Amino acid sequence: MNNVISNILRFLLLIVLQVFVCNHINLFGFATPALYLLALLLLPIELPLSAQYFIGFITGLVVDMFTHTLGVNALACLVVMFVRPYLVKRLDSGKSTEGINRLVPGIKDTKWIFFYVILLSLIHQVLVTMLETSSFANFGHTSLVILCNTVFTSFLLLCCLYIFYPAKSKY
Amino acid sequence: MNNLIEFLKNNFHYFLFAVLLVLCLLLMGKSMSYSHYKFARVCQAVTGPVQKSWSEMVHTFSLGKENEDLVQQNIALMREHDNMFIVKEDTTLTRMSETDSLHRQRMRLYDYTFAHVIFKTTDQAYNYIVLDKGGKDGICKDMAVTSPSGVVGVVSDVSDHFAAVIPILHPDSRISAQVSPINQVGTVVWEGPDPRVAYLENIPQHLEINIGDSVLTSGYSNIFPKGLLIGTVKEVMVGKNASFLTIKIKLATDFSRLGLVYLIENQYKTELDSLKAGFKTE
């Protein structure tokens, strides 16, 4: 129960931060971090899959409502939530699956966390940027935006993970 | 049948995924169907007020910068006003001049800059104002000082970084003025303790002055350009001295709220003053 409340609070806090702070960051004129992805990445993996999809969709839709890009973030989040269980399974292969429900640095090793965060933010940013531009014209610029956004977002997410979920904590 | 239900149960999440995906694509679609439009309107109604209040809050932090920009724009506009120039029909002035659309020569007589008030008094017998700009910023003695609403005073003293101003609210302050419709020239002086009221002197008694007439600078002092607002006539009395009227004027500048001021420099002041000095010695 405690876990549910902390998850809901995390969602609310991160969406507010995303909408009012991160969406106004325009590093080099185009790099906008997607901080709210952290809430999705920390969602317990053992939740029913349909619930996970639904949460992803709603989260993306709320962010979309504030950026007037209905559907874009919702679709990206949905796909991220869809890919996530497979990615976790793949990253966990050959290792003990103990503590699979906590996807934080204290329980997963550094390499695991880095792969997890960078791959999912890459998927998210590819989808968001491609859907927003909705054309393959000027592909060089689009890929630059994707690269910058991915680096920026993963950096921010990793910082948050290592600051707020330090390795020593015994969850 | 059971198998089918079992199949649906086991793969429910796939169906949900597909449905949500299609929903996203529909939302993204550029087609302006009524339901799409309505949904966008609902979203706008939810997020609009939140974003508006947030942007208003953030906006207050940039007001300072915006204000500076507006001041610069004001100065640029005021510099182009007609009373800044001497306009000549002939073409003897070839240097330091520009032609207007009628091919007349315009010679710039006055120039503007701005400063902020850092200290002021308004309730003393001898009031003064200190500005945050000085000699190093190009401020010099006898520059005119105005606020956005009206005339303030004259720069009396300048140090490297600061300037002292004698406002209208000073017994030594004398500003050449004229009453608007009849253009009779007089002098604005201040006597009383009230920082909102001054007097206009030297207006002959036979002239008709109405309450509410504008009192403007005359431009004869070589300090103020012509036509800046000093105040409006509040009360007309027959003075002790029978030949002149005593006219009470309400000052246009609210000295208690003075913040930003404009400084006006007469670029030919020394030249004009040397001519005037010639008159005095004779």
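**Figure 1. The contact between chain A and chain B takes 21 residues from chain A and 21 residues from chain B.** Contact here means heavy atoms within 4.5 Å. The model is predicted, so that local features need pLDDT of at least 70 and side-chain atom pairs count only at pLDDT 80 or more, while totals for chains, interfaces and linings use all residues. Residues are numbered from 1 along each chain as its sequence is written, chains are lettered from A and ligands numbered from 1 in the order in which they are written, and side-chain values use heavy atoms, with hydrogens and water left out. Between them, the two chains bury about 2000 Å², and 84% of this area lies on carbon and sulfur atoms. Buried area is the accessible area (1.4 Å probe) that two parts lose on being put together, summed over both. Of the area that chain A buries against chain B, 28% is supplied by A:Phe20, A:Met65 and A:Leu70, more than by any other three residues.

**Figure 2. B:Leu16 touches residues of chain A.** B:Leu16 belongs to helix α2 of chain B. Helices (H or I, at least four residues) and strands (E, at least two) are DSSP runs, numbered from the N terminus. Leaving out residues up to four places away in sequence, B:Leu16 touches A:Ser50, A:Tyr53 and A:Phe54. With a relative accessible area of 18%, B:Leu16 is buried. The term buried means under 20% relative accessible area, exposed means over 50%, and partly exposed lies in between (1.4 Å probe, protein chains only).

**Figure 3. Helices α5 and α6 of chain A cross at roughly 140 degrees.** Chain A has six helices and zero strands, and 48% of its 171 residues are buried. Helix α5 covers residues 110-133 and helix α6 covers residues 139-164; their axes come within 8 Å. Axes are lines fitted to C-alpha atoms, for helices over the stretch in contact, and angles run from 0 to 180 degrees between N-to-C directions. The two helices are therefore oblique to each other. Angles under 35 degrees count as roughly parallel, over 145 as roughly antiparallel, 65 to 115 as roughly perpendicular and the rest as oblique. The crossing of α5(A) and α6(A) is right-handed; a crossing is right-handed if the near helix is turned clockwise from the far one by less than a right angle, and left-handed if anticlockwise. Among the residues that make the contact are A:Ile113, A:Phe114 and A:Val117 of α5(A), and A:Leu157, A:Leu158 and A:Leu161 of α6(A). The contact residues divide into 14 nonpolar, 10 polar and no charged. Ala, Val, Leu, Ile, Met, Phe, Trp, Tyr, Cys and Pro count as nonpolar, Asp, Glu, Lys and Arg as charged, and the others, Gly among them, as polar.

**Figure 4. A:Thr153 is a buried residue of helix α6 of chain A.** The relative accessibility of A:Thr153 is 1%. When its neighbours within four places in sequence are left aside, A:Thr153 is in contact with A:Thr32, A:Pro33, A:Ala34, A:Leu37, A:Ser121 and A:Gln125.

**Figure 5. Helices α1 and α2 of chain B pack at an angle of about 60 degrees.** Helix α1 spans residues 2-10, helix α2 spans residues 12-28, and their axes are 4 Å apart. This angle makes α1(B) oblique to α2(B). From α1(B), B:Phe7, B:Leu8, B:Lys9 and B:Asn10 meet B:Phe12, B:His13 and B:Phe15 of α2(B). By class, this contact has four nonpolar, two polar and one charged residues.

**Figure 6. B:Asn183 and B:Asn202 have a positive phi.** Chain B has five helices and 15 strands. B:Asn183 has a phi of about 55 degrees although it is not a glycine. This residue lies in the loop between β9 (175-179) and β10 (185-189) of chain B, and its relative accessible area of 45% makes B:Asn183 partly exposed. B:Asn202, likewise not a glycine, has a phi of about 65 degrees. B:Asn202 is placed in strand β11 (residues 197-204) of chain B and, at 39% relative accessibility, counts as partly exposed.

**Figure 7. B:Arg106 lies in strand β3 (residues 105-108) of chain B.** At 13% relative accessibility, B:Arg106 counts as buried. The C-alpha atoms of B:Arg106 and B:Met84 are separated by 9.5 Å, and the two residues are 22 residues apart along the chain.
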